[in-house]
Amino acid sequence: MVITVITLLFPITVYPALTAAKPPEKGEVLPLINLPIPKSPEERNYLGLSGSGLFKIPQIKANAVIVEIFSMYCPFCQKDAPGVNELYRLIENNIDVKNKVKLIGVGAGNSPYEVEVFKKTYNVPFPLFPDKDFTIHKTCGEVRTPYYMVVKINENGTHQIVHTQLGEYPGAEPFLELVLKASGLK
Amino acid sequence: MNKKRVLCFILITGVLSLSVLTATAFGLSDAYKGNIYQMGTLKPIDSVLKVKVGKLAPDFTLPSVSGEKVSLNQFRGKRNVVLSFVPAAWTPVCSDQWPGYNIAKDIFNQYDAVLLGITVDNIPTLFAWTNQMGQLWFPVLSDFWPHGAVAKRYGLLRSNGVSERALFVIDKKGIIRYIDVHDINKRPPLEDLVGALEKLKK
């Protein structure tokens with residue numbers, strides 16, 4: 001009897017934790033997002049991670065992390081892809097910024113195969129993670145794509161979202177400027 | 001009696017919660033802004049398939065958005081064909097399906113396959129809708145009039161007049177080699193289609 005009641009109540013109790021009512025906003029902390037530590041040594045090295053298993057975004061070795069929620073199936077994500085690649089190159093070629101700002105993408109509803117198609121089509125140089133069953137997308141309030149979040153990581157391990165925007169990607173240079181200012185790096 | 005009522009309430013609430021949980025599981029590009037009509041969760045499949053794997057695909061001729069008419073038979077002996085039926089323009093899932101195929105042209109070429117997108121919408125609607133997807137490399141065909149005739153011939157016309165979300169792989173002999181009448185609420189994973197195309201080589 002008790003087990004039956006618990007089983008029936010389960011969807012009610014877990015629903016709020018699975019699907020957020022709204023997208024993450026500036027000043028908040030990230031929702032619970034677990035990502036697999038990349039198998040590629042280059043990507044692990046880029047993120048400052050080691051070993052295997054799961055990690056959380058604030059564990060990335062950086063002062064700020066730019067998270068793009070994208071989809072292989074999203075025309076605007078496709079259109080923005082070259083410009084976001086340029087942002088990566090701008091960061092990596094700037095010795096003052098290189099190890100402070102990192103960039104990752106999460107493919108909402110995309111299988112690993114679909115993420116690879118996107119990565120290959122646009123030669124995406126930074127780590128992309130599949131979110132095939134929309135788990136992360138739901139925790140992020142089912143945002144439309146592309147959705148950008150800038151996460152400031154503090155020295156004591158805490159973090160906060162310092163910027164979010166839906167689409168409207170302004171180009172690599174203005175966006176980097178925005179990221180540096182929002183995260184207090186400039 | 002009271003216990004039964006409480007249990008009944010919990011059961012109904014639980015089921016409703018689950019349906020809400022699954023209802024919104026799609027990603028939507030900002031490219032469409034607020035112009036996508038939310039359909040809610042629909043009956044996954046609402047038609048009875050009339051064609052089979054291993055049988056000849058029924059021929060059809062339909063007008064395309066770009067102006068010319070396209071027949072299935074024109075590819076006979078030349079190219080494999082993928083038919084992608086999607087239910088309706090300006091709806092969730094459909095709007096985020098063909099843009100993905102649009103960046104997968106190399107994959108279709110690799111298997112010597114053409115892609116034909118088909119809906120039961122009329123040409124002006126398809127024109128406006130597909131314009132939001134960027135420049136599509138594959139023909140988009142209108143099965144509008146006689147309404148849904150091709151979808152009906154294939155057994156894909158739902159009771160409300162839209163088609164199922166379905167993928168067909170047809171080989172160069174015109175034989176159907178793969179059918180995926182998919183849950184209308186979900187997008188078929190690309191790798192499933194690619195797996196079907198891979199089998200054409202064997």
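# Reading the core and sheets of a predicted model

User: Where do I start: which residues have the most contacts inside the largest nonpolar core?

Analyst: That core has 88 residues, and those with the most contacts inside it are A:Val65, A:Val67, A:Val151, B:Val82, B:Leu83 and B:Phe168. A nonpolar core here is a set of buried Ala, Val, Leu, Ile, Met, Phe, Trp, Tyr and Cys residues joined through C-beta atoms within 7 Å. Buried means 20 or more other C-beta atoms within 10 Å of a residue's own, exposed means 12 or fewer, and partly exposed lies in between, with C-beta atoms placed from the backbone.

Now the ground rules. This is a predicted model, in which local features need pLDDT of at least 70 and side-chain atom pairs count only at pLDDT 80 or more, while totals for chains, interfaces and linings use all residues. Residues are numbered from 1 along each chain as its sequence is written, and chains are lettered from A and ligands numbered from 1 in the order in which they are written.

User: What does B:Phe168 touch?

Analyst: Leaving out residues up to four places away in sequence, B:Phe168 touches B:Ala57, B:Val82, B:Leu83, B:Ile176, B:Tyr178 and B:Ile179. Contact means C-beta atoms, placed from the backbone, within 7 Å.

User: How many residues of strand β6 of chain B are buried?

Analyst: Six of the six residues in β6(B), 165-170, are buried, so the strand is largely enclosed by the rest of the structure. Strands (E, at least two residues) and helices (H or I, at least four) are DSSP runs, numbered from the N terminus. In a regular strand, side chains alternate between the two faces of the sheet. Here B:Arg165, B:Leu167 and B:Val169 are on one side, with B:Ala166, B:Phe168 and B:Ile170 on the other.

User: And which strands pair with β6(B)?

Analyst: Strands pair through backbone hydrogen bonds, either parallel or antiparallel. The cut-off is at least two DSSP bridges between two strands. β3(B), residues 80-85, runs antiparallel to β6(B) with five bridges, and B:Leu83 stands opposite B:Phe168. β7(B), residues 176-182, is also antiparallel to β6(B), over six bridges, and there B:Phe168 faces B:Ile179.

User: Over to chain A: what is the strand order in its open sheet?

Analyst: The five strands go β5-β4-β3-β6-β7, with mixed pairing. β5 and β7 (159-166) stand at the edges with a single partner each, so one side of each has no neighbour in the sheet. For the parallel sense, look at β4(A) (101-108) and β5(A) (128-131), joined over four bridges. Between them the chain passes through helix α4 (112-122) in a right-handed β-α-β crossover; that is, with the strands pointing away from the viewer, the path from the first strand over the helix to the second runs clockwise. For the antiparallel sense, take β6(A) (147-153) and β7(A), with seven bridges; A:Tyr147 stands opposite A:Leu166.

User: What share of chain A is buried overall?

Analyst: Buried residues make up 39% of its 186 residues.

Definitions and conventions:
Contact = placed C-beta atoms within 7 Å.
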